[in-house]
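Hello,

Here is the structure I promised to pass on. Please look it over, then read my notes below.

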Amino acid sequence: DDASANWLTWGGLYRGVWFNVADFGTTGTWEADNTEFWFYHHSSYPWDTASFYAEVYNGDVSTPVTLLNQTSVTATHYAAVYANYSSPVITEEQFWVLINTEMSGGGWPSVLGDPTYSGVDHSFFSDDFIVWEPWGMGDYFIRTNGEFSLNSETWGAIKALYN
């Protein structure tokens, strides 16, 4: 996301961002220490709950596949909330971070998104965890914090650059 809030949505029982470490110019795994989420509580559309599950999955652009972590989190209006992991969650090169709203009767809490659609889909929603539809408005404000674990080929390329 570009950190400019413009949209909010409660569409889909599941909302998530697909990450690919290649988009950051590297290869290897990602070690997530925590995940940051941003929500907006619109007064005309009250939440029936602020609780949700933050979930991390391995999986390519088509769908999340293997659940790596599920953490219960309470959303806050227009402030960062975090899913903090007791030890880093180690993902594959392609992975998903989801907002699972099964605790809600209407898809709450509503996530914020930016106004810039780059033409490449990274934010998706689903009602059945089978069909994932691109959000197409921009990107959800879902960020993961951690570090790359470079594979041996990448380390070799870095060493070759500086030798």
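**The salt bridge and its surroundings**

Arginine 143 counts as partly exposed, at 23% relative accessibility. Bear in mind that this is a predicted model.

The arginine has a charged partner. Its side chain meets that of glutamate 36 in a salt bridge, 2.8 Å from N to O. The pair links distant parts of the chain: arginine 143 sits in strand β11 (residues 142-149), glutamate 36 in strand β3, and 107 residues separate them. A search of the whole structure finds 1 salt bridge.

Is glutamate 36 buried or exposed? Glutamate 36 is buried, because its relative accessible area is 10% and the cut-off for buried is under 20%. Strand β3 covers residues 29-37.

Leaving aside neighbours within four places in sequence, the contacts of glutamate 36 include Ala80, Val81, Phe141, Ile142 and Asn145.

Valine 81 is buried, with a relative accessible area of 7%. Between valine 81 and tryptophan 38, the C-alpha to C-alpha distance is 6.5 Å, though they are 43 residues apart in sequence. Not counting residues up to four places away, valine 81 touches Thr35, Glu36, Phe37 and Phe39, and also Val73, Thr74, Ala75 and Thr76.

Best wishes

Technical notes:
Residues numbered from 1 in each chain as written. Predicted model: local features only at pLDDT ≥ 70, side-chain atom pairs only at ≥ 80, totals over all residues. Heavy atoms only, no water. Helix = DSSP H or I, 4+ residues; strand = E, 2+ residues; numbered from the N terminus. Buried < 20%, exposed > 50% of the residue type's maximum accessible area, 1.4 Å probe, protein only. Contact = heavy atoms within 4.5 Å. Salt bridge = Lys/Arg side-chain N within 4 Å of Asp/Glu carboxyl O.
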